[in-house]
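This briefing goes through a predicted model. Please keep the sequence and the structure open while reading.

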Amino acid sequence: MSEPGGKPLLKSHREPLLHIGGLTVDFDTPAGWIRGLHGVDLEVYPGEILGLVGESGSGKSVTCMAVMRLLGPRARIQGDVLYRKQPLLGLDAKGMTQIRGSEIAMIFQDPTSSLNPVHTIGRQVTESVVLNAAQTTLNPSQTIGEQVGDAVEQQRGLTGEAARDETVRLLDRVGIPEPKERLRDYPHQLSGGMNQRVMISMALAGHPRLLIADEPTTALDVTIQAQILELICRLREDMGMSIILITHDLAVVAETCDRVAVMYCGRIVEQGNVEEMFAEPRHPYTRGLLESLPRIDRQVAKLYPIEGTVPAPHELPLGCAFEPRCPYALKECKLNQPALETGDDERAIACFNPQFGGMEH
Amino acid sequence: MSAASTGEHQFGGPANGRPLLEVDDLKRYFQLRGKGGLFGKKVLLKAVDGITFTVAKGETLGIVGESGCGKTTAARLVLNMVAPTSGSVVFNGREISGLSPSDWRALRREMQYVFQDPLGALDPRMKIVDQVIEPLVIHKIGTPSERQDKVAALLHSVGLKDYTFGRYPHELSGGQRQRVVLARALILEPQLLICDEPVSALDVSIQAQVINLLDELRGRLNLTMLFISHDLSIVRHICDRVAVMYLGKIVELADGDALFDSPAHPYTRALLSAIPVPEPGLKRERIFLTGDPPSPIDPPSGCRFRTRCPLAVPVCAERTPELKALKNGQLVACHVAHGEA
Amino acid sequence: MSTAYLLQKFARALLTIWIIVTFVFIILRLSGDPAMSILGPDAETETLEAFREAWGLNKPIWTQYLIYFGNIFQGDLGVSYLDGRDAIEVVAERIPKTASLMLATAVVTFVIGIPAGVYSALHRNTFIDRLTMTVSVMGFSAPNFFLGILLILLFSVSWRMLPTGGSETVWHYVLPVITMATAEAAVFARFTRSAMLDVLNQPYIRTAIAKGLPWNKAVREHALPNAAIPTVTITGFFVGTLIAGGVITENVFAWPGVGRLFVDSVANRDLAVVQVIIFLIAFSMVTTNLVIDLAYGWLDPRIRDLRAED
């Protein structure tokens, strides 16, 4: 597995590929409107893998689904989402379908149910190829990546035979053995790991600049997980894609990601470079998470869990959402919301009482 | 492969008295029909193909493996939820596989389980306090007021406050539900607790709470546990000895530290190397297994792992390796590990 | 689809038909005396006896049964007591009328019911959706005969717009078809809506959109084929209710079809004709279900594969 890619440049030196500002999502439920995201600020830079970590209710999936506008009519989205400086939230349906698949692609958690059970693998991957290759010809200046120039040349005017060949090539690229035979298979005939590779191949068909992977390995065995993560990292290097990796598993983040953002109850609580974050987690929630993990590489005498439970979205406390469970809570934390502030060292934290120094356990 | 032939201490703890649970060459095959319905070819799925292990009193044995390895079937075999195709399960010196349902009822006091889905395990229409009292009522233990006291005490000790007692399962969080399931399992003070992925469905920050609780309870109640999980980090933390299963067979069985620090079987090594560690920049040797595990319907001849094994040699295809002891006592089923290549 | 699979289905179908026919055979003979029904309760004992002798009704049931089945293999399904002709002939001449009525009903049901259901699912909780669902509840709540008679009262008697009974012109089809199709279309509308909603919630629809597929295409190519699978299930039930409802409707509207013949024959204990009709019904149901079973396999690739047995 590749190491985190190089030293990060200072923010001022890079243009973000994706900029999310003050993203707020409300859901229309039978119990009324409930806020799921409370003003999320996030940036993804070209060529990096950003980890988005959180537990249930953290809003990590909602954030990305909002970017892709996959939340459906019952969600009200506010804020700014800029992709290559182009605002996405105001795009009409047609504009959005052009972005999806060809510029920003997304893969999901349970690969076998994310594939249509009555279509063959070949048909579904070819659908992606035809869809997103055709769009390449519509906006050639927007989607030519530095490294994929000649691939795009091949993709122009992709029809039946050429599309099928491209499909086989994609399946091979993601490591599916005997890709020609797999064309006629159905999703239920393949294993979870294979289906996730199929999903990845569909996502890559349009050479997107940004791949969003929503818990891509959670439903898979650990040896398959290792394979898939290694594949994703390798493809990132080959294709220069940025990746948002959504996961609840901090260990996966440590091994795969360059930067990481930690979310709790619909907000980002801490964000920064992975090495620095793990060495010195400043937000009490991040610290708590890391301290509660059992380790495979050594025996720990005792686990140090975070006491209490995650509050439901409609029952959030007035001040900081983590305050009821926080061992370092101050009086102010009960009354006010800490804002996400970025320091000079590029660490962003939303906390009135951040902890410095390494962890005790 | 019986316990007698390889010496009891290698299978389970100090030899003071019989182990609480002895499983000997347990097998469970499923008959499947191939394509064609009634007229299709009959095919055998060897979910569990001859496993042998023991669990000493007060010990926690972990069973790990990936999907399809047979660990859940193994748990169900021990609990008699599924009848074995062959082999024996001996509990407290008594053969229990194939017992009649009425004999089993008495045994249920001694053997309880906690499975993965706490919501599914609880009756949605009963208050949780009633669900924990129910086993006492069924087995006619104590007077009503004694029962109330016992249940209240146990619910407190699993970390549930009074206000939760009168609630229904859907009104509790995942972690709270699993505590209720635990309380219900322990109210009868069983000797053996079988856990199958007890924390996988819970949030990460809650997992540690429940694991700590299990740890504390088994110490206090001197529980013997069979702990089945795919999460090896948790298994390392809570188990004394660990068995690694692959395609229906145990490929390695050793003390926790020995297994994790110096795994003897190539599959164990690959499995351990695949697990990510929350320490960026840690240099690790990654063993990548190619492809998917073969189907348990048509496993490879000889050693089942040989098709993905980086160390495979010709003898691996010819003979199935036996689970036997290395010099340090670790049990391994591998020709190469025993120098039989 | 393998031959073995087909053979198995076919064998089961035959078995089902055989069981039904046998069952009805026994019940009919135990339920009443044809002689009395046909000749009247005042007929003399000797006449009754002669009748029974002539038709072999005084033999023990099992003998009758064997004779009957023996005759079947020779192509003889009995003779109508009332008519004198071959039972098959008697029934066969009524089939076209019934078939045309059923076909018309089926067409109306599918053309109205399924699109209504799909539309409602796609526009969930809008006014049209709620309207459609309310109307459909009313539709399948009204019993067949009630609706039929009501329609006759309104359109034939009061307003004199449509004929009361018989089947000569196209106009004669209107009321009976409305009577039968109303409940059926309602059921299809609700069911299709439910199936579509289920499918629209599935992860693979989200994948299709995430790929960049426009919504319409995603519905057409991904949702509809999957929603078709459960819809095909109720088509099997539909044929059943069509047959049962057809019997009632034909009687309400004096439609000269098999349903009407059926009621008359049972009342008169015209055993051979009843048996033939039962045979026909059983055969239709079983064939329909067989076709649906095969359609499943074609529509849903998951069904074609391994099944676990213990």
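The largest nonpolar core has 230 residues, and a second, separate core has 16 residues. Helix α11(C) has a kink of about 40 degrees.

**Chain A overall**
- Chain A has 361 residues, of which 52% count as buried.
- Among contacts in chain A with a separation of 6 or more, 69% are between residues 24 or more positions apart.

- In soluble globular proteins, nonpolar side chains tend to be buried together.
- Within the largest nonpolar core, of 230 residues, the residues with the most contacts inside it are A:Ile244, B:Val78, B:Leu226 and B:Ile250.
- Helix α9 of chain C, residues 171-200, gives the most to this core, contributing 14 residues.
- From chain B, this core takes at least three residues from each of domain 1 (3-110 + 190-332) and domain 2 (118-189).
- Apart from its neighbours within four places in sequence, A:Ile244 contacts A:Val44, A:Leu50, A:Leu52, A:Cys64, A:Ile212 and A:Ala213.
- The second, separate core of 16 residues includes C:Val21, C:Ala272, C:Val274 and C:Ile281.

**Helix α11 of chain C**
- The 38 residues of α11(C) would reach 56 Å as a straight helix at 1.5 Å a residue, but the end C-alpha atoms are only 46 Å apart.
- The kink of about 40 degrees in α11(C) lies at C:Ala223, shortly before the proline C:Pro225.
- Just after α11(C) comes C:Ala254, with a positive phi of about 50 degrees.

**Residues with positive phi**
- C:Ala254 is not a glycine, yet its phi is positive.
- This alanine, C:Ala254, sits in the loop between α11 (215-252) and α12 (258-267) of chain C.
- Is C:Ala254 buried or partly exposed? C:Ala254 is partly exposed, because 14 other C-beta atoms lie within 10 Å, a count between the limits of 12 or fewer for exposed and 20 or more for buried.
- B:Lys140, also a residue other than glycine, has a positive phi near 55 degrees.
- The loop holding B:Lys140 runs between α6 (128-138) and α7 (144-157) of chain B.
- B:Lys140 counts as exposed because it has 6 C-beta neighbours inside 10 Å, and 12 or fewer is the limit for exposed.

Terms used: Residues are numbered from 1 along each chain as its sequence is written. Chains are lettered from A and ligands numbered from 1 in the order in which they are written. This is a predicted model: local features need pLDDT of at least 70, side-chain atom pairs count only at pLDDT 80 or more; totals for chains, interfaces and linings use all residues. Helices (H or I, at least four residues) and strands (E, at least two) are DSSP runs, numbered from the N terminus. A nonpolar core is a set of buried Ala, Val, Leu, Ile, Met, Phe, Trp, Tyr and Cys residues joined through C-beta atoms within 7 Å. Domain bounds come from an automatic or database domain assignment. Two residues are in contact if their C-beta atoms, placed from the backbone, lie within 7 Å. The expected span of a helix is 1.5 Å times one less than its number of residues. The bend at a residue is the angle between axes fitted to the seven residues ending there and the seven starting there.
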